[in-house]
Amino acid sequence: MKPILNKLPISYGSGFPTLLRKEIKRFYKVAFQTVAAPVLTAVLYLMIFGHVLEGKEVYGRLNYTAFLIPGLVMMSVLQNAFANTSSSLIQSKVTGNLVFVLLAPFSHLEFYAAYVLAAVFRGIVVGAGVLLITAWFAMPSFEYPLWIMVFALLGAAILGSMGLIAGIWADKYDQLAAFQNFIIMPATMLSGVFYSIHSLPAAWQVVSHFNPFFYMIDGFRYGFFGVSDISPWNSLAIVACFFVAVSVIALRLLQKGYKLRN
């Protein structure tokens, strides 16, 4: 992206709204695959784990099924935000239509904002779908809705940015699948979606604190129940720093045109 085109996404005459609308319509057109399928997957997780661990309590007072629901919602938000940006970029690179986006006078800020906001939108839509369906099994409380919104938006923006980085770096689907299967999936599964880290051995509790996904899940769950493994303020500080870090990397790659303009 050209430095002289560093205009803000909301500036007059910007192509940002058009690019944002194009990215949202891209996943909306295949909603069965991009929205309905991940909702069904989350429901199956709930049915299986909820049945196997029925009667178990977490934090000494929470029914396990209710405890599990916010984790599944957040996991769906994160995974689908990542999938949206990464799949869009790699498809454009492989099919060659990325050149039409690059020919337009978008700044790297416009490019970043459009892709990440579309990823956030998809993540929130899928997360809301999961919450609506799974609430039928056990309605969780909503102690602090503001915390829920903050962590959902920050988490989706982080994974949207990571998807952008992965899509820029990968030259083929195999490389993108490696990024997703060996980084995103393990980090998500081991972040406390299915358990409280206090149930782990001491060594694994220490390891969990090095996983930034843990703070997204734990802070998000605090918004529902008012209890968490660590202070939500500490989680917010770490998640915000992580968001800044991945955003700077993504913006820098876009500004240099790394693997996009050559």
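**Reading the surface and the salt bridges**

Guide: Leu-40, Leu-44, Met-47, Ile-48, Val-52, Leu-132, Ile-133, Trp-136 and Phe-137 together make a nonpolar surface patch of about 1000 Å². A patch is made of residues with over 30% relative accessible area and no salt bridge, where like charges are joined within 9 Å and nonpolar side chains (Val, Leu, Ile, Met, Phe, Trp, Tyr) within 5 Å; the accessible areas come from the Shrake-Rupley method with a 1.4 Å probe, and for residues only the protein chains shown count as cover. This is a predicted model, in which local features need pLDDT of at least 70 and side-chain atom pairs count only at pLDDT 80 or more, while totals for chains, interfaces and linings use all residues. Residues are numbered from 1 along each chain as its sequence is written, and side-chain values use heavy atoms, with hydrogens and water left out.

Visitor: Which helix gives the most to the nonpolar patch?

Guide: Helices (H or I, at least four residues) are DSSP runs numbered from the N terminus. Helix 2 gives the most, with 5 residues, and both helix 2 (31-52) and helix 5 (108-134) supply at least two residues each. Phe-137, also in the patch, is found in the loop between helix 5 and helix 6 (145-169), and counts as partly exposed at 37% relative accessibility, given that buried means under 20% relative accessible area, exposed over 50% and partly exposed in between, with a 1.4 Å probe and protein chains only.

Visitor: How should I read the packing of two helices, and at what angle do helix 5 and helix 6 cross?

Guide: In general, two packed helices are described by the angle between their axes and the distance between the axes. Here the axes of helix 5 and helix 6 come within 8 Å and cross at roughly 125°, where axes are lines fitted to C-alpha atoms, for helices over the stretch in contact, and angles run from 0 to 180 degrees between N-to-C directions. The two helices are therefore oblique to each other, since angles under 35 degrees count as roughly parallel, over 145 as roughly antiparallel, 65 to 115 as roughly perpendicular and the rest as oblique.

Visitor: How many salt bridges does the structure hold?

Guide: Side chains of opposite charge can pair when their charged atoms come close. The structure holds 3 salt bridges, each being a side-chain nitrogen of Lys or Arg within 4 Å of a carboxyl oxygen of Asp or Glu. Lys-22, Glu-23 and Arg-26 are linked in a network, with closest N and O atoms 2.7 Å apart for Lys-22 and Glu-23, and 3.7 Å apart for Arg-26 and Glu-23. Glu-23 counts as buried at 0% relative accessibility, whereas Lys-22 is partly exposed at 32%.

Visitor: Where do Asp-171 and Lys-259 lie?

Guide: The side chains of Asp-171 and Lys-259 meet in a salt bridge at 3.2 Å, N to O. Asp-171 lies in the loop between helix 6 and helix 7 (173-189) and Lys-259 in the segment after helix 10 (232-256), so the pair ties together parts that are 88 residues apart in sequence. Asp-171 is partly exposed, with a relative accessible area of 44%, and Lys-259 is partly exposed as well, at 24%. Lys-259 also has a positive phi of about 60°, although it is not a glycine.
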